[in-house]
Amino acid sequence: MVLLDYLRDHLRDLPGVEEDLKWETNHCFTVGGKIFAMVHIDPAQPERLTLPTDPDERAELLENPYVTPAPYLGRAGWVTMESVAYPRPTLLRLCREAHLRVARRLTKAKQRALGLSALLQGDPT
């Protein structure tokens, strides 16, 4: 659970982030009730991270043999990667970008309530 601990340490300070366990082995990071990253923990497998990606970056990510389209969510642009796919700072950057991507889709009222307005104001997209 090294990846999970690393992401917990860095993502819990982002505005509106909550974490919960879903489907017994998926630690989900959410913003406004919407999942932006999942860490799959199964003792029989390496830790895996699933998140939505930028369409321009997705093709490049999928060239890595440790990255695949996410089951059930691949058509929506989500990918799953083993924890060894990229260095930890790269995985953190991808999670932060996913947080922004999902936060942008929340209603303005929910963004304000979660303290996301200032963060999203500086966001170019």
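Predicted model: local features only at pLDDT ≥ 70, side-chain atom pairs only at ≥ 80, totals over all residues.
Student: Which residues of helix 1 are buried?

Tutor: An α-helix has 3.6 residues a turn, so residues three or four places apart point the same way. In helix 1 (residues 2-11), the buried residues are L3, L4, Y6, L7 and L11. Seen down the helix axis, they fall within an arc of 165°, so they line one face of helix 1. As for the terms, buried means under 20% relative accessible area, exposed over 50%, and partly exposed in between, with a 1.4 Å probe and protein chains only. Helices (H or I, at least four residues) and strands (E, at least two) are DSSP runs, numbered from the N terminus. The arc is that of the directions from the helix axis to the C-beta atoms.

Student: What covers the buried residues of helix 1?

Tutor: The cover includes strand 1 (17-22), strand 2 (26-31), strand 3 (34-40), strand 4 (48-52) and helix 3 (88-104). For L11, the contacts (heavy atoms within 4.5 Å) are V17, F29, F36, L92, C95 and R96, leaving aside neighbours within four places in sequence.

Student: How is the packing of helix 1 and helix 3 described?

Tutor: Two packed helices are described by the angle between their axes and the distance between the axes. The axes of helix 1 and helix 3 come within 11 Å and cross at roughly 55°; the two helices are therefore oblique to each other. Axes are lines fitted to C-alpha atoms, for helices over the stretch in contact, and angles run from 0 to 180 degrees between N-to-C directions. Angles under 35 degrees count as roughly parallel, over 145 as roughly antiparallel, 65 to 115 as roughly perpendicular and the rest as oblique.

Student: Is the crossing of helix 1 and helix 3 left-handed or right-handed, and which residues meet?

Tutor: The crossing is right-handed. A crossing is left-handed if the near helix is turned anticlockwise from the far one by less than a right angle, and right-handed if clockwise. From helix 1, V2, L3, Y6, L7, H10 and L11 meet R88, P89, L91, L92, C95 and R96 of helix 3.

Student: How many residues has the largest nonpolar core, and which elements give two or more residues to it?

Tutor: In soluble globular proteins, nonpolar side chains tend to be buried together. Here the largest nonpolar core has 30 residues, and L7, L11, F29, F36, L49 and M81 have the most contacts inside it. Two or more residues come from each of helix 1, strand 2, strand 3, strand 4, strand 6 (78-82) and helix 3. Helix 3 gives the largest share of this core, seven residues. A nonpolar core is a set of buried Ala, Val, Leu, Ile, Met, Phe, Trp, Tyr and Cys residues joined through side-chain atoms within 4.5 Å.

Student: Where do W23 and E24 lie, and what is the phi of each?

Tutor: Most residues other than glycine have a negative phi. W23 lies in the loop between strand 1 and strand 2, with a positive phi near 55°. E24 is found in the loop between strand 1 and strand 2, and its phi, also positive, is near 70°. W23 is exposed, with a relative accessible area of 58%; E24 is exposed, at 72%.

Terms used
Residues numbered from 1 in each chain as written. Heavy atoms only, no water.
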